[in-house]
Amino acid sequence: MSGGGERVLALLPELLLLLGAVGGLLLGLWTPQHRQWRVRLLVTAACLASAIAAAVALFEPAERVFEGTWVVDTTTGVVRIVVALGVAVLVWLASASLAGHPRETEAYVLMLLGGLGSIALAASGDLLLLVAGYLLASVPLYALAGFAKDSAGVEATMKYYLMGAFVGVLMLVGVAALVLAAGTTGYLDLAALLPEASPALLAVGVLGVLAGVAFKAGAVPVHFWVPDVTAGTTPPMAAYITTIPKIGAVAAAFRLLAELFAGVPLDVPLLVAVIAAVSMTLGNLAAFSQTDVLRLLAYSTVSQVGYLFMVVAVAARTDLAVPALAVYLAGYAVTNIGAFAAVAATPAARTITDWATAVGRHRWLVVSLAVCLLGLVGTPPTAVFIGKLAVFVAAWDGDLIWLVVVAAINTVASLFYYLRWIAPAFAGIPAAPSAGEGAPGSGPRTAAGTAQRLQRHPVIILHMAAVVSLLLGLGAGMWVGVATSGT
Amino acid sequence: MLLTVVIFLPLLAAGVLLAVPRIPSRAAIGVWVAASAVDLALVGWMSWRFEPGEGASGVVDGLAYEVNLQWIPTVDAGYHVGVDGLSLPLLALTGVLFLACAIYSLREPDRPHTYAALFLFLQTACLGTFASLDLILFFVFFDLSIVGMYFVIAGWGHGNARRSALKFFLYTFIGSLALLVGFIGLFLGSEERTFDMVALAANPPLADSPVAGGLVLLAIGLGLAVKTPLFPFHTWLPDAHTDAPAAGSAVLAGILLKLGTYGFVRIAMPILPDAWQRWAMVAVVVGVISVLWGAFVALAQTDVKRMIAYTSVNHMGYVLLGLGAAGLVASADEEARIVATVGAMYQMVSHGLLTGALFLLSGVLWSRGHTYAFDRWGGLARPAPVFAACFAVAAFGSLGLPGFSGFIAEFQVFTGALQAAPVATVIAVIGILVTAGLFLLALQRLLAGDTAVPSEADPDTTEEGPDLDRPDGTTATAIRPRTATRMQDLRGHEVASVVPLLVLAVILGLVPRVLLDVLEPAAMAVVELVGR
């Protein structure tokens, strides 16, 4: 509505990311192969600048720019910050395996563009922008999934691409149905017109659009790609694919439920609640038997989306939903990146036992892993605990008590497989039990041989994630208050 | 501020231990002992300066050392801690028992840094739970105590430790989630939408909706019952206890179980008075079943530690009997209900001291012979008189002999509960008889008769093993003549850890006023709140 050109600055965070992408590409062209770390720095700087700009924008009142297609509010703001910081961290996580790679620059640029797509999803206030965001958050990821060009990666890409293309068409059908029903694409107009539309068209529209965001979020029933792609690609890319697009997609789903479908005569919240319940249950059950850490984490992300969709279901029903979404999104991003960083630290170790062996006596690594994994369970005082608490409260307040109970039971179930990973890692510490006490000075820092096998950046990122997860949890009051003060 | 220091001092020490791996192994436990000792001294200072507030209602007002900071303003959860007559004895108990465990573990050979750090972490979690006046804060500390204990059992236990630890974690985690669901119910049901216990107790939520109130109480009760543990949910306890290291069992039984019973007094009763009154009989019945079940199953055990573990179920049953009786407003006068409540709270402290001592003593058996089986031991009074004396004292205290704290506690529970629930109380008294029998039987099997010591203890587990790491390299003690009749008596650090617990139990048995003066005002307040 505020069509004035000066409001272009409302998209400053996105512009900075775009500039970073274009600038990174150009810089990469002019930089020799072994100096491509310059691109990394540039990309990181762009992300940080974008995050700062987004943080500043948080304090301004919510608004809709560009004819209402782009919504700038708390949800968008939180997604902007989390995605920008997440991409910055993931670029460094990926650098361990990408440094010196012939297509290093391209990877970073694609990561930035995918992040931009994720933000576009979250910010879209118009169905056409939602579709554009879907594509922008998908296409770069197809390339990233198969970046290693090995057979597993190619297979992963194929699955991901075919599934994405199929769901993309479904989504377009859904959008077409909604446009047919109401004759417009803007959320606000649609929200006013849809309640009178024909229920059949509405149903097709709702299902199609939800399928699209559920696919990007990795929720049941379009979650099949998640384990295959996660296990087929490299750990850093798996971290990226299971974190960045999910954040945007969940925020997009949240906005759909809060605005577009709030008044329709169908029980959309119930549908989303069922998706949430099934996602968390299936994800947890499937994770039980996994011995491959990446597949375990993949199913864990499916179950996490279930918890996130709980708050989506009650988006229109309670004031507590927005803070809950903000906390959980941020907590999930940090914790999930941390867990994948643990895998990336030991690229050769793919099973739980291998991992425990490779980490050996690095007790701080195990401690950080435990903080991250128990964080995913929702053990206090980590960020995801606060998120879960907020989500449970919001869901209950939105009259979905049964979903809260299902989620609580699922939380317990999830303990099984996270502990299956923590326990051997923890027990792996006493590589030399009481015999090692013979030489008191020879503490646990002597395992130089194992230390070399660990990748440096992922280890740092794992520790950072654990610390940030704790800080976000302990300082929840402060930052949630600040983040949601704009509304 | 002082209370915050008390809570987080152990955590700080734990951080130091983990961050500075250069501290030699022995000194690591030394740091633990020092930190616990300082913490206990601070708790002692707190109790000395403790002044219950006006009107002696320790729950709604009259809090000492209160700190109230905002934490998550969107749901009005805060860092709200304080001390009153309910929490002070348990804070002191925590301090005492953790110090005893630290002293007991002085020779812990296996990864002492991490071990000490975990226990210090646990201590913070326990102190924090007892001091919390905010439901979310309570939950945070409550859950952290589970995490800490999981690692203690999984990392330092024996036998089927990994499995027992997992079982423990799953059971109690289910419990804690039920608790969380209940807390959310309280939050959404309260008028001003807060997690603050003081505010909730002052203006109880869900007062006019019996169904919702009952369901929320069910969720909270389930959560606390798993932790306590009460009858159908106690199955994690014997496994966890048997496979945990001695100090872990002592803390688990002495402190962690109290988190459950404390939750009943602190949360369920004052915040849901209507529901508690309505369902008090259920609490009484569950309490009595736990009393009998714990006693009879303990009687059937062939393993010392499992037997002690089951007597914990029995003892916690008395606590619930007392608390349930306190809710039977219609059938008992206030005087009787106060007596029952005081008895229940006295039992918490008493059980912590006596069971803590018993578990540490059973740890002595493990360190000598690597078995808890009754039929492998016998006639220990001759080779190990100090051990025998301590074990006998702890057993007599635990069966409720006059002169010990347990007697005061059980006597008050029965006196108070008799009027409200006469049948149940009379049935529960049978529990005393059975426990008396089983403890006497245990004494007889372990201490009397011909001396028998497990002979084929594998050589690499001789308890002198830790001596190897003496800087001067004395290895002579490592070669132990593996004869069948050798049983080393308690060593200095073992005596220093067990005897104070027993002395305290005797003091509380002979001079109960010390503790009663603190407990009674708080119990009056609780009973008054429940009676609303």
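A salt bridge is a side-chain nitrogen of Lys or Arg within 4 Å of a carboxyl oxygen of Asp or Glu. Between chain B and chain A of this predicted model, the count is one salt bridge. Over all chains, the count comes to 16.

Some ground rules: this is a predicted model, where local features need pLDDT of at least 70, side-chain atom pairs count only at pLDDT 80 or more, and totals for chains, interfaces and linings use all residues. Residues are numbered from 1 along each chain as its sequence is written, chains are lettered from A in the order in which they are written, and side-chain values use heavy atoms, with hydrogens and water left out.

**Where chain B meets chain A**

- Here 41 residues of chain B are in contact (heavy atoms within 4.5 Å) with 42 residues of chain A.
- The area buried between them (the accessible area, 1.4 Å probe, that two parts lose on being put together, summed over both) is about 3700 Å², and carbon and sulfur atoms give 80% of that.
- The salt bridge here pairs A:D397 with B:R193, whose closest N and O atoms are 2.9 Å apart.
- Helices (DSSP runs of H or I, at least four residues) and strands (E, at least two) are numbered from the N terminus, and those giving two or more residues to chain B's side include helix 1 (2-19) and strand 1 (64-72).
- Helix 6 of chain B gives the most to that side, with 13 residues.

- Side chains of opposite charge can pair when their charged atoms come close.
- A:E104 and A:R40 meet in a salt bridge at 3.1 Å, N to O. A:E104 sits in helix 4 of chain A and A:R40 in helix 2, so the pair ties together parts 64 residues apart in sequence.
- Both A:E104 and A:R40 are buried (under 20% relative accessible area, with exposed being over 50% and partly exposed in between; 1.4 Å probe, protein chains only).
- In chain B, B:R368 pairs with B:E494, the closest N and O atoms being 2.9 Å apart. This links helix 13 to helix 17 of chain B, 126 residues apart, and both residues are buried.

**A tucked-away helix**

- Why is helix 9 (residues 225-232) of chain A largely enclosed by the rest of the structure? Seven of its eight residues are buried, so the rest of the structure largely encloses it.
- What covers the buried residues of helix 9 includes helix 5 (127-145) and helix 10 (235-260) of chain A.
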